[in-house]
Number of protein chains: 2
Amino acid sequence: MTTIQDIADKLGISKGTVSKALNNAPDISETLQKQVLETAVELGYTRLRRYKKPTRRLCVIVQKDNIEYLEPHHFAYDIIMGFRQMAEPAGYEVEIIPLDVKFQREITYDIFMLQNDFAGSFILGFSLGEPWMKEFSSSRTPAVLYDNHMIGNPNTAYVGIDNNEGMELAVGYLKKLGHQKIGYLSSALGSHIMQVRHRAFFQAMHSHGLKADSSYAGCSYYLSECMEKHLPRLLKEGMTAVICCQDTFASAAITQCQQMGYQVPRDISIVGFDDIPLAPYTSPPLTTVRQDRTELGKSGFYALSSLLNGVSIGTMLLHAELMARQSTAPVRSEEQDRRMAKE
Amino acid sequence: MTTIQDIADKLGISKGTVSKALNNAPDISETLQKQVLETAVELGYTRLRRYKKPTRRLCVIVQKDNIEYLEPHHFAYDIIMGFRQMAEPAGYEVEIIPLDVKFQREITYDIFMLQNDFAGSFILGFSLGEPWMKEFSSSRTPAVLYDNHMIGNPNTAYVGIDNNEGMELAVGYLKKLGHQKIGYLSSALGSHIMQVRHRAFFQAMHSHGLKADSSYAGCSYYLSECMEKHLPRLLKEGMTAVICCQDTFASAAITQCQQMGYQVPRDISIVGFDDIPLAPYTSPPLTTVRQDRTELGKSGFYALSSLLNGVSIGTMLLHAELMARQSTAPVRSEEQDRRMAKE
């Protein structure tokens, strides 16, 4: 168990100086304080030793550039609620910390956690390029990452839905409706989850014995490019159904199809991903793969409390569920096509 | 909430008859009892409603043809201990049920669970062909499957280690030691976990930029075929390291290499999987990917209690860990080869 004395010995300074640095005393240089904090993290010092009881403070860290979290109709809101619903009755205090890239550049994750007395964190909305993402490959303070997967660090866990299962359900459902030519529209593959879903699409098509080469998918950072370039191309190539990486894309795709003179679902079926609160209110209502946000939050707490209790969970995935609504329909038969051509 | 009355109504029989069937009364025909039990399962009836409090009985089901479980040096023993260590303090009774294929043919999983008043199960040692495996795709009583993954049934969860991570660690470690030509030895791909590890091997080789086509792997149902056919072939093709699907294979491979005149690890490095109690006692001691068996058991309980509490966990994977022992060494340099050739 690391003590203040250990830190002092390692740095060749007095216990008093270490204590000052740990407690943000004003009469200590920034450089020395940084050195003390880094050594404290390196040696595995935590404040819980000071109070002789484990710290019961957790935080939910939200990348506020990437994710909305304060309003009940936003995706992260229910996740945070689910987390609190489990953590608070278990005796933990939960603090919500919105931060951006700049903040991550100024302080390391471990030092931030140590200074604020947090025993562990639940991390929402981080894309692959964020500064702290590199740190999570070797960080020491338990962190549960929503929709991000770190290999090889026993102090982190990945929580999300089973996207392979979700894609399997979506493709299987469309196949049952008679669809054979199914396309995929995705935003850029700059986040873990977009990469996973992209791979899952091809895997699910393959496992259902349906053809899908790279031309069956259209990916772009810009929604407009997806809608104006890739979607028309997929329609031209004879796709009768399109799965979208997330509901916002699916909602835009419905509108775009309609503007191009296609009826949804008569001419083309559209499937989304996530079941955001908006999904039942698109026109027609969107068939989508549901992520249960409250359960995701609860699982985040389950995983974090496991890490805190020394059960080194790496991955925890919730079952996906298909919400069949009206944006999908049986594929049009050739006879129907002929009849329509006559009219 | 389903009552005895509901079952009676559905079948057009009296409540008394239903009750008799549920309680194994002797004066009721086998056919009728079967019908009552199947209807009870179909309608979601559980005894917990009868007592007006949830049943607190769980079982660990062990496929005794495939897995040893009673002796402390066997793999399943620690898993069961870990499960009990969590379940019993949480107020659950845990019963261990050893069974075989014949037993599964005689009674369905759901009826077995209902008749014995078990709220949920932890399933060990099932291969893909077992009769109950089909049932788990739509069973209604919570089941946590160790090393088996059911897609699409919210009442089952999959618990194991992250085999992708484990293979990533094994290949990464060998690459650091200078190995480029790495082979893989596996038993037949008739179990979920053997399929997962086989895929993970190629994925890890690929992600480390190493070549690996299908000739780099040797798979056989018979250990002897692996040792006498595939292992010599891999050695002949110039592999400097071989990863084995499990420790028993790795242990046999060490012996076989030695009998063929190869020194382990000087001429060939061998890596196992699982870290069974035997692993530190092979000669040389085996480098292997560790599954923490006690933690696996604990995770089994975590997942099961989540299912029982309505958090629909699908997958829960523990971090893998590489145990570097003496069956691996840096690859021999060309200079060393030349020097040895001169001697």
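Mentor: Start with a definition: a salt bridge is a side-chain nitrogen of Lys or Arg within 4 Å of a carboxyl oxygen of Asp or Glu. Here, Asp27(B) makes one with Lys20(B), and their closest N and O atoms are 2.8 Å apart. Salt bridges that share partners also tie Asp275(A), Arg290(A), Asp292(A) and Arg325(A) into one network.

Trainee: Before we go on, what should I know about the numbering and the kind of model?
Mentor: This is a predicted model, where local features need pLDDT of at least 70 and side-chain atom pairs count only at pLDDT 80 or more, while totals for chains, interfaces and linings use all residues. Residues are numbered from 1 along each chain as its sequence is written, chains are lettered from A and ligands numbered from 1 in the order in which they are written, and side-chain values use heavy atoms, with hydrogens and water left out.

Trainee: How many salt bridges turn up over all chains?
Mentor: A search of the whole structure gives 30. Take Glu95(A) and Arg57(A), whose closest N and O atoms are 3.2 Å apart. That pair links distant parts of the chain: Glu95(A) sits in strand S2 (residues 93–99) of chain A and Arg57(A) in strand S1 (residues 57–63) of chain A, 38 residues apart. Another one joins Glu88(A) to Arg84(A), at 2.9 Å between the closest N and O atoms.

Trainee: What does chain A contain in the way of helices and strands?
Mentor: These are DSSP runs numbered from the N terminus: helices are H or I with at least four residues, strands are E with at least two. Chain A has 14 helices and twelve strands. Its C-alpha atoms fill a box of roughly 90 × 35 × 35 Å along the principal axes, and buried residues make up 52% of its 343 residues.

Trainee: How are the strands arranged in the sheet?
Mentor: Two strands pair if DSSP finds at least two bridges between them. In this model, twelve strands form an open sheet with mixed pairing, in the order S2(A)-S1(A)-S3(A)-S4(A)-S5(A)-S11(A)-S11(B)-S5(B)-S4(B)-S3(B)-S1(B)-S2(B). The edges are S2 of chain A and strand S2 (93–99) of chain B, each pairing on one side only.

Trainee: Which strands pair with S11(A), and in which sense?
Mentor: On chain A, strand S5 (residues 156–161) pairs with S11(A) in the parallel sense over four bridges, and Val159(A) stands opposite Met316(A). Towards chain B, five bridges join S11(A) to strand S11 (residues 313–318) of chain B, and these two run antiparallel. The bridge partner of Met316(A) there is Met316(B). Six of the six residues of S11(A) are buried, so the strand is largely enclosed by the rest of the structure.

Trainee: How do I judge the size of the interface?
Mentor: The size of an interface is often given as the accessible area lost when the parts come together. With a 1.4 Å probe, that loss is summed over both parts. Between chain A and chain B it is about 2,200 Å², with carbon and sulfur atoms giving 58%. Tyr302(A), Val311(A) and His319(A) supply 29% of the area that chain A buries against chain B, more than any other three residues.

Trainee: How many residues come from each chain, going by contact?
Mentor: Contact means heavy atoms within 4.5 Å. By that rule, chain A gives 27 residues and chain B gives 27 residues.

Trainee: And how many salt bridges cross the interface of chain A and chain B?
Mentor: The rule finds zero there.

Technical notes
Buried area = accessible area lost by both parts, 1.4 Å probe. Buried < 20%, exposed > 50% of the residue type's maximum accessible area, 1.4 Å probe, protein only.
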